[in-house]
Amino acid sequence: MGCIFVAVSILAVSPSVYIRANSIVHRNKQQSVTERFIMWETATQIGIDHPVIGVGKGNYSHVYNGIYKPADAKESPSHAHSNLFMMLGEDGFWGLLSYCFVTLSCLVFGWKYRKNIFGMIIVVSTLVFSFYSLTDYTLASYESVRVFWFLMGICASNVLLDNAI
């Protein structure tokens, strides 16, 4: 039990997380950061143009590269490099709201049971996953998403079992 908390804590203070956050602040120094801002602005425009259901799952790349790609963009991405912007572009505002609802629900549940180590792991894991997904499309990595939700399920079941006794 303590090992899981230590592993999550190490991930939370990981140098790679710090480097990713720092690269956002220094936008003009790295082309990849500039490209991400272009992708996010374009995904926002796609969401505005297709607000209800977006352009559909798997269509972001086709729509971005075929219709919306700005002249100053140097890359032809397959995704928006952000869960939030990807949900907005592919699934519209309803998809974005659904994603935010699930994330917020995890935080509220974990916070409600924060005195239980598994409740705190839910809070920390959700925050780390959400923070990292601000600058990368983590939902495309099915393996990491499966592991994340599997561990969230284990933690939630332990919280509920501990509180049922």
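**Figure 1. Ala73 is a buried residue in the loop between H4 and H5.** The model is predicted, so local features are described only where pLDDT is at least 70, and side-chain atom pairs only at pLDDT 80 or more, while totals for chains, interfaces and linings use all residues. Residues are numbered from 1 along each chain as its sequence is written, and side-chain values use heavy atoms, with hydrogens and water left out. Ala73 has a relative accessible area of 11%; buried means under 20%, exposed over 50% and partly exposed in between, judged with a 1.4 Å probe on protein chains only. Not counting residues up to four places away in sequence, Ala73 touches Glu35, Ile38 and Tyr64, where contact means heavy atoms within 4.5 Å. The C-alpha atoms of Ala73 and Glu35 lie 6.5 Å apart in space, although the two residues are 38 apart in sequence.

**Figure 2. His81 has a positive phi in the loop between H4 and H5.** The phi of His81 is about 55°, although the residue is not a glycine. Most residues other than glycine have a negative phi. The loop that holds His81 runs between helix H4 (60-68) and H5; helices are DSSP runs of H or I with at least four residues, strands are runs of E with at least two, and both are numbered from the N terminus. His81 counts as buried because its relative accessibility is 18%.

**Figure 3. Val63 is a buried residue of helix H4.** The relative accessibility of Val63 is 9%. Apart from residues up to four places away in sequence, Val63 touches Ile46, Val55 and Tyr68. Val63 and Glu90 stand 27 residues apart in sequence, and their C-alpha atoms are 9.5 Å apart in space.

**Figure 4. Phe85 is a partly exposed residue in helix H5.** Its relative accessible area of 24% is why Phe85 is classed as partly exposed. Leaving aside its neighbours within four places in sequence, Phe85 is in contact with Trp40, Ala43, Thr44 and Ala80.

**Figure 5. Thr138 is buried in the loop between H6 and H7.** Thr138 has a relative accessible area of 8%. Not counting residues up to four places away in sequence, it touches Asn83, Phe129, Tyr132, Ser133, Ser144 and Val145. Thr138 and Ser82 are 56 residues apart along the chain, with 7.5 Å between their C-alpha atoms.

**Figure 6. Helices H5 and H7 pack against each other.** H5 (residues 83-112) and H7 (residues 142-164) meet at an angle of about 35°, and their axes are 12 Å apart. Here axes are lines fitted to C-alpha atoms, for helices over the stretch in contact, and angles run from 0 to 180 degrees between N-to-C directions. The crossing of H5 and H7 is left-handed, a term used if the near helix is turned anticlockwise from the far one by less than a right angle, whereas clockwise is right-handed. From H5, Val102, Cys106 and Phe109 meet Trp149, Met152, Ala156, Val159 and Leu160 of H7. By class, this contact has eight nonpolar residues, no polar and no charged ones; Ala, Val, Leu, Ile, Met, Phe, Trp, Tyr, Cys and Pro count as nonpolar, Asp, Glu, Lys and Arg as charged, and the others, Gly among them, as polar.

**Figure 7. The second largest pocket has a lining to which H5, H6 and H7 contribute.** Its volume is about 160 Å³, that is, the space filled by probe spheres set on grid points joined across faces, edges and corners. On a 1 Å grid over the protein atoms alone, a pocket is an open set of points where a 1.4 Å probe fits, with protein on both sides within 12 Å along at least five of seven lines; lining residues have an atom within 4 Å of a point. The lining consists of Ser98, Tyr99, Val102, Thr103, Cys106, Thr126, Phe129, Ser130, Leu139, Phe148 and Trp149. H5, H6 (117-132) and H7 each supply at least two of the lining residues, and the largest share, five residues, comes from H5. By class, the lining has seven nonpolar, four polar and no charged residues.

**Figure 8. The chain as a whole has seven helices and zero strands.** Of its 165 residues, 39% count as buried. Among contacts between residues at least 6 apart in sequence, 64% join residues at least 24 apart.
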